[in-house]
Amino acid sequence: NKAALDFVGHSSAEVAGKGFWEGRWWSLVPQTQAQLREALGEAARGRVVRYEVDNGSEGGRRATLDFSLTPVKDAAGEVVLLVAEARDISERKELERQREEWTSIVAHDLRQPVNNLNLWLGVLERQAQRAGCELTDGFEHARAGVRQLDRMISDLLDASRLEANRLTLQRSATDLAALVRGV
């Protein structure tokens, strides 16, 4: 279609009669072309295929595309046509990258004062022990608050990683009864 041809900087005469995967914009990165050929095979077998792909034109314009292939079947159930569709989601992906970067910076900047508070609470605790003084409830509340802030910062980072599909799970045995009591 015209939008796709405008994106890659080609005329319809340049692509007429060629396999979809043979377009020069697909062959700029061999892995992209191989991924497309595999997707075409899946779609030809009747499956809807959808994935994100980084692609570009020979003019140097890069884009992240939400790309899909939808098979159209005849009355007998045979695939007779594949409908290719691509949406440029580059702007959204850049905003996601910026949000991830911002979250990381904020979490780092928040963690610094929390670490300082934790450090000074440790110093106060050691001084109180040396002096033979008992710590007040206020001290324990401050220590609990610092732990809560640290968990919140970790949760913020985990949420960011989860949205970006970069969260790795670390499985371990858990005392469920103790966890429930703690909550």
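The dialogue below examines how terms are applied to a predicted model.

Tutor: This is a predicted model, in which local features need pLDDT of at least 70 and side-chain atom pairs count only at pLDDT 80 or more, while totals for chains, interfaces and linings use all residues. Residues are numbered from 1 along each chain as its sequence is written, and side-chain values use heavy atoms, with hydrogens and water left out.

Student: Why is serine 68 called buried?

Tutor: Buried means under 20% relative accessible area, exposed over 50%, and partly exposed in between, with a 1.4 Å probe and protein chains only. Serine 68 has 10% relative accessibility, and therefore counts as buried. This residue lies in strand β2 (residues 62-73); strands (E, at least two residues) and helices (H or I, at least four) are DSSP runs numbered from the N terminus.

Student: Which residues does serine 68 touch?

Tutor: Contact means heavy atoms within 4.5 Å. Leaving aside residues up to four places away in sequence, serine 68 touches Val49, Arg50, Val83, Ala84 and Glu85.

Student: What makes tyrosine 51 and phenylalanine 67 an aromatic pair, and of which kind?

Tutor: Rings of Phe, Tyr and Trp (its six-membered ring) pair if their centres lie within 6.5 Å; planes under 30 degrees apart count as stacked, over 60 as edge-to-face and the rest as tilted. By this rule the count comes to one aromatic pair. Tyrosine 51 and phenylalanine 67 are 5.6 Å apart, centre to centre, with 65 degrees between the planes, and the pair is edge-to-face.

Student: What salt bridges does arginine 97 form?

Tutor: Arginine 97 meets glutamate 94 at 2.7 Å, N to O, and glutamate 101 with its closest N and O atoms 2.7 Å apart. Glutamate 94 lies three residues from arginine 97 in helix α4, about one turn, and glutamate 101 lies four residues from arginine 97 in that helix, also about one turn. An α-helix has 3.6 residues a turn, so residues three or four places apart point the same way.

Student: Why is the span of helix α5 described as close to the expected one?

Tutor: The expected span is 1.5 Å times one less than the number of residues. Helix α5 (residues 137-163) has 27 residues and reaches 39 Å from its first C-alpha to its last, close to the expected 39 Å. Its buried residues are Phe139, Arg143, Val146, Ile153, Leu157 and Ser160, and their cover includes α4 (90-131).

How values were computed
A salt bridge is a side-chain nitrogen of Lys or Arg within 4 Å of a carboxyl oxygen of Asp or Glu.
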